[in-house]
Amino acid sequence: MPGETADAALAAAAELQRVGIGAVLTRLGENVTNVAAADETTQHYITVARDARARSLDCHISVKLTQLGLDVDPQHCQANLLTLADETRRDGINLWIDMEQSSYVERTLDMRRALRAYPHAGVCLQAYLYRTADDLASLIPMGGGIRLVKGAYREPSNVAYPGKKDVDENYFRLAAQMLAATANGLRPVFGTHDRQLIDRIRRHAEESRVARDAYEFHLLFGIQRGEQLRLAQAGHRVKTLISYGEQWFPWYMRRLAERPANLVFVAKSIWSR
């Protein structure tokens, strides 16, 4: 994290833009418990979008639906999401819906479908879930954006692939389908730090004659900066996901509790710089 405030995140985005890398901004603090907090989050992202436009920054906004009140009042959450979609479209900024645990997938995709008229919107899918192949097939005709990640939540083996090899293979299969759908208006985004997988996707895109500006790679702030620069210098679209906010400690501890392997991944990244 570059800091706890939106200003710190925007300043980090400006630094990245100088080396040809864009940013995706997300404030930590999911699972709000009242409508007032959901509305405050909505207004916060509207302000951030306007500030990013005012600074001419290449930024996207990414939000979890539980930040907008999904647990409290789904209809109110959808109203907040539509407000954000209207405002970000006006500002020329892409809006991403993050994916949460498997219990939220169906509701999250329903909310994405409610944004069918907003081509600048997109949703995250997780390659370790068995259901994702079917979800991807249902979303491709809508166009817009799909960001594919491996998945970081702890899920039971009847819901998600338990082994890394199987997750990696499913990720590549899904990625190939996404690249093929660029001709129909899909904007594929690949959120991974797995260099072997990144290079495999790059080779497949080249063999399939998919232009480098037709898809993007999204990586985390502070993780594998060299890989981000390598991709940008090779002519790929690259964005860094910048998380910020006062809720960083509970978020960090929750992620470690859900998936202790995350700590090993971060440690390896630090020592490999």
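# A parallel barrel and its packed helices

In this predicted model, helix 5 (residues 132-139) and helix 6 (residues 164-180) pack at an angle of about 5 degrees, and their axes lie 11 Å apart. Because angles under 35 degrees count as roughly parallel, helix 5 and helix 6 are described as roughly parallel to each other. The model also contains eight strands that close into a barrel in the order 1-2-3-4-5-6-7-8, with parallel pairing.

**Helices packed against helices**

- On the side of helix 5, the contact with helix 6 is made by Thr-132, Ala-133 and Leu-136, while helix 6 contributes Leu-174, Gln-177 and Met-178.
- Sorted by class, the residues of this contact between helix 5 and helix 6 are four nonpolar and two polar, with no charged residue.
- Helix 2 (residues 35-54) and helix 3 (residues 74-91) also pack at an angle of about 5 degrees, here with axes 10 Å apart, and helix 2 and helix 3 are therefore roughly parallel to each other.
- Helix 2 takes part in that contact through Val-35, Ala-38, Asp-39, Thr-42, Tyr-45, Ile-46, Ala-49, Arg-50 and Arg-53, and helix 3 through His-76, Asn-80, Thr-83, Leu-84, Glu-87, Thr-88, Arg-90 and Asp-91.
- Helix 4 (residues 105-113) and helix 5 have axes that come within 12 Å and cross at roughly 10 degrees, which makes helix 4 roughly parallel to helix 5.
- In this pair, Val-105, Leu-109, Arg-112 and Arg-113 of helix 4 meet Asp-135, Ser-138 and Leu-139 of helix 5, and the residues of the contact divide into three nonpolar, one polar and three charged.

**The barrel of strands**

- What is the order of the eight strands that close into the barrel? They follow one another as 1-2-3-4-5-6-7-8, and the pairing is parallel; neighbouring strands of this sheet are turned by 25 degrees against each other on average, if direction is ignored.
- Strand 1 (residues 22-27) pairs with strand 2 in the parallel sense over three bridges, and within this pairing Val-24 stands opposite His-60 in strand 2.
- Helix 3 packs on the sheet, where it touches strand 2 and strand 3 (95-97), and the direction of helix 3 makes about 150 degrees with that of strand 3.
- Strand 3 and strand 4 run parallel and are joined by three bridges, and Trp-96 has Gly-122 in strand 4 as its bridge partner.
- Six of the six residues of strand 4 (residues 121-126) are buried, so strand 4 is largely enclosed by the rest of the structure.

- The side chains of Glu-87 and Arg-50 are joined by a polar contact of 3.2 Å, and, leaving aside neighbours within four places in sequence, Glu-87 is in contact with Ile-46 and Arg-50.
- Phe-172 lies in helix 6 and is buried, with a relative accessible area of 14%.
- Although Phe-172 and Arg-200 are 28 residues apart in sequence, their C-alpha atoms are 8.0 Å apart in space.
- Apart from neighbours within four places in sequence, Phe-172 is in contact with Leu-197, Arg-200, Ile-201 and His-204.

**Two loop residues with positive phi**

- Most residues other than glycine have a negative phi.
- Ser-56 has a phi near 55 degrees, a positive value in a residue other than glycine; Ser-56 is placed in the loop between helix 2 and strand 2 (59-63), and it is exposed, with a relative accessible area of 57%.
- Gln-224 is not a glycine either, and has a positive phi of about 50 degrees; Gln-224 lies in the loop between strand 7 (216-220) and helix 8 (225-233).

How values were computed
Residues are numbered from 1 along each chain as its sequence is written. This is a predicted model: local features need pLDDT of at least 70, side-chain atom pairs count only at pLDDT 80 or more; totals for chains, interfaces and linings use all residues. Side-chain values use heavy atoms; hydrogens and water are left out. Axes are lines fitted to C-alpha atoms, for helices over the stretch in contact, and angles run from 0 to 180 degrees between N-to-C directions. Helices (H or I, at least four residues) and strands (E, at least two) are DSSP runs, numbered from the N terminus. Angles under 35 degrees count as roughly parallel, over 145 as roughly antiparallel, 65 to 115 as roughly perpendicular and the rest as oblique. Contact means heavy atoms within 4.5 Å. Ala, Val, Leu, Ile, Met, Phe, Trp, Tyr, Cys and Pro count as nonpolar, Asp, Glu, Lys and Arg as charged, and the others, Gly among them, as polar. Buried means under 20% relative accessible area, exposed over 50%, partly exposed in between (1.4 Å probe, protein chains only). A polar contact is a pair of N or O atoms within 3.5 Å; within protein, one must be able to donate a hydrogen and the other to accept it, and residues adjacent in sequence count only if both atoms are side-chain atoms. Two strands pair if DSSP finds at least two bridges between them.
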